Amino acid sequence: MSGQSDPRGSAFSAAELEFLAEDEMIEIVPNLRIKPLSLICGDFGPFQPQIPTQVPIWLAVALKKRGKCTIRPPDWMSVEKLTQVLEAERDSASSFEALPFHYVEISRLLFDHARDDVPEVYMVRSLIEDIKDVRFHKIGTGLEKLSSRTYAMKLNLSAMEVNVIRPFVTGSLETFYELTAPEIIQESQREEYRRPQTADRGPRRELRR
Amino acid sequence: MAKYYDIDDILADEELVPAVFLEAVNGVGLLQSNETNRIEPRSKVELPFWLASELHLRQAASVNVPPCYNKKTREEIGADGAHVDLRSRCSYFYQLGCKIVQLIGDKTIGSLLLVAFQIRYKEVLIKAHTSASILGPKFLSLLTKEETKLYDAAKSSTAAFKSWRMGGPRFQKASVLGRKRKPIGE
């Protein structure tokens with residue numbers, strides 16, 4: 001499934017992630033009458049004028065391009081919500097706010113295709129940019145604590161963020177794994193090497209949520 | 001055998017390591033030596049790792065620790081690991097180190113490798129993910145092959161993300177489509 005564009009098959013391209021994000025559901029208000037659409041991925045509709053309904057983003061974008069609906073931006077894409085999220089992100093140095101898994105892609109899709117449906121679009125756009133920058137910075141500082149003892153980081157990372165750091169993280173974790181293999185390093189030194197890590201647990205725990 | 005097809009593993013085997021012959025060997029000659037084709041016991045040579053390790057296992061030669069893991073390098077890494085020029089010493093510092101440890105059993109090298117990587121990967125991380133502009137070749141020339149690979153991986157994923165976000169054409173039109181057909185038979 002992963003990585004048609006990447007020869008090593010380890011990462012998605014950004015366009016592939018955008019494609020996956022198009023399966024997320026979004027609310028639209030149609031302005032025409034269509035019978036329910038029975039598609040392989042599910043049944044959508046019926047579409048009545050002025051009656052909101054849930055459809056995948058790809059369908060919403062297709063209808064929007066033809067001028068058949070208006071898209072209702074999701075709840076989290078309002079100025080108040082995003083301001084809260086941005087403040088929370090700035091306040092805590094190590095935890096991440098819960099945003100949709102595909103927030104980067106969804107916001108880009110809506111900005112591209114449905115600018116007129118997003119209230120205060122410039123504000124929303126710059127807020128999302130800020131949030132993204134803050135989060136990337138935090139990811140960078142978090143990765144400096146990487147070690148062979150890092151096994152599972154359960155963060156509220158989004159698809160795009162994970163994808164950007166994936167090549168580096170998997171590569172360095174592999175090297176750490178090789179270098180701490182029992183035949184390479186003495187058992188006592190492994191313990192020694194572990195100890196600062198366990199002492200370091202405190203801040204790292206915070207990093208996990 | 002797991003790494004049989006790994007080109008880096010093969011290249012790492014090519015690195016020269018110092019070795020001392022324990023037995024006299026007939027039918028081989030050292031380069032730049034006189035015309036005998038016989039090697040006396042206790043002669044010091046530099047052999048590629050793949051040859052040295054086979055001779056070591058057959059007790060025909062003994063492998064010494066390569067100079068890139070000596071005391072001087074250790075001290076330099078201890079002082080400021082991020083700015084030690086490891087590439088000029090051994091471009092497969094980590095892989096060769098692992099192999100040497102397994103051959104000789106000197107586990108202090110293992111901990112040296114670990115410490116060095118722990119200090120140095122952060123530098124790679126910061127440089128690769130943050131600085132958008134092209135770095136001077138100075139930094140890259142310090143990295144070993146393994147680190148360069150990590151750096152390139154991180155760099156290209158960040159660059160791909162940035163170019164996607166900046167927009168540009170979403171759908172690329174095949175160059176054939178725009179072309180007009182030439183009228184036939186004129």
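The model is a predicted one, so local features need pLDDT of at least 70 and side-chain atom pairs count only at pLDDT 80 or more, while totals for chains, interfaces and linings use all residues. Residues are numbered from 1 along each chain as its sequence is written, with chains lettered from A and ligands numbered from 1 in the order in which they are written.

Starting with chain A, there are eight helices and five strands (DSSP runs numbered from the N terminus, helices being H or I with at least four residues and strands E with at least two). Along the sequence they come in the order α-β-β-β-β-α-β-α-α-α-α-α-α. Chain A has 209 residues, and 29% of them are buried, that is, with 20 or more other C-beta atoms, placed from the backbone, within 10 Å of their own. Of the contacts in chain A between residues at least 6 apart in sequence, 69% join residues at least 24 apart; a contact here means C-beta atoms, placed from the backbone, within 7 Å.

Where the two touch, 15 residues of domain 1 of chain A are in contact with 16 residues of domain 2 of chain A. On the domain 1 side, α1 (14-21), α2 (57-65) and β5 (69-72) of chain A each bring at least two residues, and α2(A) has the largest share with four residues. That side holds eight nonpolar, two polar and five charged residues (nonpolar: Ala, Val, Leu, Ile, Met, Phe, Trp, Tyr, Cys and Pro; charged: Asp, Glu, Lys and Arg; polar: the others, Gly among them).

Next come two helices of chain A, α3 (residues 79-91) and α5 (residues 121-143), whose axes come within 10 Å and cross at roughly 20 degrees. So α3(A) is roughly parallel to α5(A), a term for angles under 35 degrees. Among the residues that meet are Val79(A), Leu82(A) and Leu86(A) from α3(A) and Leu127(A), Ile131(A) and Val134(A) from α5(A). By class, this helix contact has ten nonpolar, one polar and four charged residues.

Finally, the two chains: 27 residues of chain B are in contact with 25 residues of chain A. In chain B, α4 (93-104), α5 (107-129) and α7 (145-165) each supply at least two residues of the side touching chain A. That side of chain B is made up of 15 nonpolar, seven polar and five charged residues.

Conventions:
A residue is buried if 20 or more other C-beta atoms lie within 10 Å of its own, exposed if 12 or fewer, and partly exposed in between; C-beta atoms are placed from the backbone. Axes are lines fitted to C-alpha atoms, for helices over the stretch in contact, and angles run from 0 to 180 degrees between N-to-C directions. Angles under 35 degrees count as roughly parallel, over 145 as roughly antiparallel, 65 to 115 as roughly perpendicular and the rest as oblique.
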